Amino acid sequence: MFIYKAGVIGAGAMGSGIAQVISFSGLPVVLKDTDMDRVNKGIDMIRKVYQGRVDKGKMSASEMDQKMKLVIGTTSYDDFKDCDLVIEAVFESMKVKHQVFQDLEKVLPETAIMASNTSALSISQIASAVKRSEKVIGMHFFNPAPVMKLVEVIPGLQTSPETVDDVVAFAESLRKMPVRVKECAGFLVNRLLLPYLNEAAYALQEGSAPAEDMDKAMRAFGMPMGPFALLDMLGLDVCAEVSMILYDSFGPRMKAAEILGEMHKANRLGTKNGIGFYVYDESKKADLKPIVDAIQAKTGVKGTAFSPERLVFQMINEAAYCLEENVASPSDIDLAMLAGTGFPQDKGGPLHLADGIGVDVVLEKLKEFSKTLGPRFWPAPILKRMVAANYLGQKTKKGFFNY
Ligand code: CAA
């Protein structure tokens, strides 16, 4: 199926980023929100991205004008009536998403695809609200959408194989890298990324090291930004929401560090409102220490050690769980982390990294972390089976990959 015109619902950072990507590929895109103020803010964000390209000499001003003409702002569902594919990017409420999909289904052509950019909600549950549920699918972009190459393609229980193929082809036409992911809470990348970010949050609330030092250490490891700068960019409200969905599905291993909820409660949401772990607006400056002290008084846990392994081994362990559940293949898991989070290219992804370190070494370290830091480090069963069968990684020429 060829997509001649697309739509995006929700003109926030993700929705407008996705609309920019679509317009950049040369397709007209309808961008809808509930009022024109929000729509115009979204269009301004798109213009800013193009202006950046013009300023850097990557695009001419007239090319920018042509691309901007492809973006059609609206507050009405009627403008979707000739769209072949619409991506929903509204906030993470199942109730709101159900309403959006029902409204959308009424106006769209019968053949149109209805995709959701949800970060963690169930695609099958979203699809259950509409009649043409075989046309519903997850199409998950990464922040900032104009830059990050990955798009997770997540079929729900009802999604037809044709819809999956069409969305994979569409993502490729946007010059993105689609990876098919089996539906589970957090899908693939958030399921690996959140435990990593959560571990950084535990280390901070336990006084292991200041946020700046941990960010610096993770940049030295090769991540494009540190965990606290990333948490601030994603928004502490979004992260608290995704953490809850992960906990609900996977239990204690995903229990969110108390500080994430406390930051949300204190309205320290990150870059979007001027203060998160870092201060972006001097007028909002406030000390983090009282929050940390109160958590330490409550949990009694403090003075644990920080190391980059503490964070990265959370990612590796969750990657092993995902592999065990056939969420994606080993190469897709690594590729998704490179393209979706900027995981360092030279390390090849979390599973290649584990093969390089030695699966036996990873297993022993996870057992040690499990004793010293808590059972959230309990090793994925596949790691024990691999070690027992001598799948130790590069040193035995077989591990997650063959060498
Ligand atoms: N919008 C558009 N373009 C942007 C941008 C934005 N918000 N931020 C940066 N860019 C562009 C810059 O203009 C620049 O473009 P050129 O190459 O054309 O000059 C390029 O990206 C690189 O930017 P910078 O030089 O300013 O900075 P950088 O090299 O540090 O890159 C970054 C910035 C791309 C954000 C990088 O730090 C990065 O990859 N960070 C990791 C982000 C990440 O992990 N995202 C996934 C989060 S999980 C998620 O999104 C899922 C979810 O559901 C919660």
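**Exercise 1: an aromatic pair**

Tyr50 counts as buried, at 0% relative accessibility (buried is under 20% relative accessible area, exposed over 50%, partly exposed in between, with a 1.4 Å probe and protein chains only). This is a predicted model, in which local features need pLDDT of at least 70, side-chain atom pairs count only at pLDDT 80 or more, and totals for chains, interfaces and linings use all residues. Residues are numbered from 1 along each chain as its sequence is written, and side-chain values use heavy atoms, leaving out hydrogens and water.

Task: classify the pair of Phe24 and Tyr50.

Step 1. Rings of Phe, Tyr and Trp (its six-membered ring) pair if their centres lie within 6.5 Å; planes under 30 degrees apart are stacked, over 60 edge-to-face, the rest tilted. By this rule there are seven aromatic pairs.

Step 2. The ring centres of Phe24 and Tyr50 are 6.2 Å apart and their planes are at 45 degrees, so the pair is tilted.

Step 3. Phe24 is partly exposed, with a relative accessible area of 25%.

**Exercise 2: a second pair**

Task: classify the pair of Phe221 and Phe343.

Step 1. The centres lie 5.9 Å apart with 80 degrees between the planes, making Phe221 and Phe343 edge-to-face.

Step 2. Phe221 and Phe343 are both buried.

**Exercise 3: the ligand**

Task: find how far polar side-chain atoms of Lys56 and Lys58 lie from a ligand oxygen.

Step 1. For Lys56 the distance is 2.7 Å.

Step 2. For Lys58 the distance is 2.5 Å.

How values were computed:
A polar contact is a pair of N or O atoms within 3.5 Å; within protein, one must be able to donate a hydrogen and the other to accept it, and residues adjacent in sequence count only if both atoms are side-chain atoms.
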